[in-house]
Amino acid sequence: MGRFVLHRILLTVLVLFGSLVLVFVLSHAIPSDPARAALGEYATDEAVAKYRKDLGLDRPMLVQFGLYLSRLVRGDFGVSINSGQPVLRDLFQLLPATLELMVPSLVLSTIIGITLGVTSAVNAGKFSDHVSRVIAVTGYSVPVFWLGIVLQVVFFGWLGWLPAARRFPTEQLPPRHMTGFYTLDSLIAGDFHAFWLAVHHLVLPVFTLMMLNLAILARLTRASMLEVLGADYVRTARSKGLPRRDVIYRHAFRNAVIPVVTVLGIRLGASLGGAIITETVFSWPGMGRYAVQSLKNLDYPVVVAFTLMMTGGYAVLNFLVDLSYAAIDPRIKYV
Amino acid sequence: MFLRRAGSVTFSIVLLLVVLFARPNSPAIGQESVIRIATATLGGIGVPRVLDPFDQIARHQAAMENVYEPLVYPLRDTFEIKGVLAESWTSSEGGAVWTFNLRKGVKLHDGTELTAEAVKLSFDRDRAVGRSTSAGLLTDVREVRAIDPLTVQFVLRLAGGPPFLARLTSLLIASAKALKEHADDPAWFRSRAVGSGPYMVEEYVPRDRFILRRFDGYWGPKPYFARAIFIEVLESATQALMVERGEVDIAYTVPPQSLPRLKSNPNLQIIQIPGDRVYNLRLNVSAGPFQNKALRKAFAYAMDYEALAKARAEEFAPPVGPVPPKFLGGWMPPNLITKQDLEKARELLTQAGYRSGQLSVTLNITTAAPIQQNAVEILQANLRKLGVESRIVATDFIPMFTKLQRFTRTKSQVDYEDSMLIIRGPFLPHVYAYFSSYDEFQVNVFDYRNDNVKQLFELGYVLERRDLERAQEKYRQAIQQIIDDQPDIWFGVEKKLVIMRKDIKGYYIHPTWFPETHVFSLRR
């Protein structure tokens, strides 16, 4: 187990370094001038040259990379070209907004997706199976941005039930910053009205973000369960007269869930990508929207830092998923 | 058993959704009047990226003009300049020295009074930072002198050049006290604002919201709205929905396909005017095939202007030449090519020495710009009919513009391009700089030169202060000369669009600037 963990940590570091090299080279290979982009077309040549020098962009790329790496090991991700703030500070300020969107969407998509998949498999060919398959196929095939806009049109434009965008009503001050999660901050402050408003603003973006994961998990769980439900040991369990619930959960589901957990790990990472689109559609001031704006503004330090965080998050989540296999299936041993 | 559990889970979810859909009542915001404005930073006006008035790219300056004020500002729909912080002014030494008498008793947001020192320090900081629109437009100012507390003097390196007052409109004035106290802390102004404008900054969250509160000590008329809330809504479809539902009062970016629906909404008013941002394909007049005037004319005749205006009817209006007629007393240049004539184009192509299949050119446009894409695609299709091959290349504007500026200076083959589609404002300094050999501003891409044009512009500018009619005559002659030289193909002008709730009054689209957000001129 210890060797396995060490091996995986080393591999993760290698993956991070590889992605850092790739993103750094690619972002600097774009035939563009971030200093001019940041200062605008009217900025004087002297100001652009000075800014380029301040950013170190006048030095060879290898030197720039070396300097970046030496700062990075000290936890310094550089300064945003556009905001002039340390990138890490910007990203950490926006992280709670992104997590507040991602966590409920992942929890809900996992619970609903797996429930739908199991229901569908257990009732294969029946009405509930058809319904859950329709939900899964719809969630799978509808693009995230389109779903977001349609939900806005229906629930905000037509019905007026839910807000179209943002984390909190425009004219009201958000709860006092403690964790950065509006729902938690309002609960800590005992302001249930603010909590209510924050939850209301979460409904559409969370639903939009969870649909794709939900569909994938539902389909995969159904397929995996159907395969396991036809296995000999399940038939044996049934013939022994075990209660239906025990057959499904203790014998079938535990064996069927391993591929689901693998995909869940991958989807956790992919959800970050979905969050970028969802945050843009719903004007959600999170890390994803910031990354998109930074990319448009050629803000290299932000783009590189964001990609590193994404890669790091992805690698860690997959590592945790690998570790979870042993907990789910005792036959799996790490060597 | 399992089914029962699944059923109860589903029921719980449905119940949760029903509860959530019961919209919470928002507490009343009091009696104060508020205006809410949806903006999209990407591609337009918006929440300023920083509050520093000396680090302000043009498209964000409009919102900042509620907080900071310039010495002078252009009047609506004309080039005439009115005093804002300056009450009066004189020029001497042939226009090389400008003396401004400042308004008395102007209070700034930190309680200090406006002085000549504030103007000098603002200019000095603007020059030192070197990033703002004004820094780029005022490069010919040698120094600013505070003559006495209420008199300030701008000394230019040379007389003439683009109209100085028009360029000065972009210099915003900050508090002398703040400028002195935070001279060594460049980050201070990024998140704080100390101007003299009718609004103070109440809250600023970059990339999210910019909330202004009425400044009670303002020297001018008291604005109607007590608060103005600018929020960033990137998605244009969302902006359309928000203004329809009354969630915001003004939206600037809506999808063109939603316009018919919005126009039929009785609660909305839509301002859609043929604007002033001219779309022109600048041809490389200083190297390569487009040095040949007959070829430039052939390309102008090859373009199907009507097809473009029809394809983009909601966003684009037909060509009017380098300057929209409203800026020249309604005058439309008679020699402007506005209709396609392929026969004439073929004739001119032969005259230029090119037969079918002998010429291939590159048409550069900016990425993610649908109108530009449409324009060059139509041109490309028609050029093909003449046997001219063309390649459309889409690049980010800034790198391409930087490359072309470099070419203009060095004429290096490495930076050579055949053409570039440029969108240009009609403000006289832009027009002048774009078509004159006065290269300090470096926007005369490909270095179009005609001494006659330069002289006519400068003469017009001198005459403008004495005889506007004669000045306009000179400008018209200059425009005719430019059109005759055909350094550009003028595709048409962008329409300006603002969607507002019906009860918002007092909005106007400034002719010479980005869609403005001057909250102080609005009321409900």
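Both A:F24 and A:F65 are buried, where buried means under 20% relative accessible area, exposed means over 50% and partly exposed lies in between (1.4 Å probe, protein chains only). This is a predicted model, in which local features need pLDDT of at least 70 and side-chain atom pairs count only at pLDDT 80 or more, while totals for chains, interfaces and linings use all residues. Residues are numbered from 1 along each chain as its sequence is written, chains are lettered from A and ligands numbered from 1 in the order in which they are written, and side-chain values use heavy atoms, with hydrogens and water left out.

**Aromatic pairs**

Over all chains, a search of the whole structure finds 23 aromatic pairs; rings of Phe, Tyr and Trp (its six-membered ring) pair if their centres lie within 6.5 Å, and planes under 30 degrees apart count as stacked, over 60 as edge-to-face and the rest as tilted. Two of these pairs are set out here.

| Pair | Centre to centre | Angle between planes | Class |
|---|---|---|---|
| A:F24 and A:F65 | 5.1 Å | 70° | edge-to-face |
| B:Y204 and B:F210 | 6.1 Å | 85° | edge-to-face |

The pair of A:F24 and A:F65 links distant parts of the chain, since A:F24 belongs to helix α1 (residues 2–29) of chain A and A:F65 to helix α4 (residues 61–72) of chain A, 41 residues apart. Helices (H or I, at least four residues) and strands (E, at least two) are DSSP runs, numbered from the N terminus. In chain B, B:Y204 and B:F210 are likewise buried.

**Helix α3 of chain A**

Within helix α3 (residues 45–55) of chain A, the residues A:A47, A:V48 and A:Y51 are buried. They cover an arc of only 100° around the axis, which puts them on the same side of α3(A); the arc is that of the directions from the helix axis to the C-beta atoms. Exposed residues A:E46, A:K50 and A:K53 are carried by the face turned away from that buried side. After α3(A) comes A:G56, with a positive phi near 80°.

In chain B, four strands form an open sheet in the order β5-β6-β8-β7, with antiparallel pairing, two strands being paired if DSSP finds at least two bridges between them. Its edge strands, each pairing on one side only, are β5 (86–92) and β7 (141–148) of chain B, and the twist from one strand to the next averages 20°. Strands β6 (residues 97–102) and β8 (residues 151–156) of chain B are joined in the antiparallel sense over five bridges, and B:N101 has B:T151 in β8(B) as its bridge partner.

The largest nonpolar core has 66 residues, and those with the most contacts inside it are B:L71, B:F100, B:F154, B:F164, B:L168 and B:F457; such a core is a set of buried Ala, Val, Leu, Ile, Met, Phe, Trp, Tyr and Cys residues joined through side-chain atoms within 4.5 Å. Helix α14 (residues 397–410) of chain B gives the most to this core, with six residues. Apart from it lies another core, of 35 residues, among them B:A302, B:M303, B:F316 and B:L383. Leaving aside residues up to four places away in sequence, B:F164 touches B:W98, B:F100, B:L138, B:V141, B:F154, B:L156 and B:Y461, contact meaning heavy atoms within 4.5 Å. B:F164 also belongs to one aromatic cluster with B:W89, B:W98, B:F100, B:F123 and B:F154.

Key
Axes fitted to C-alpha atoms, helices over the stretch in contact; angles between N-to-C directions.
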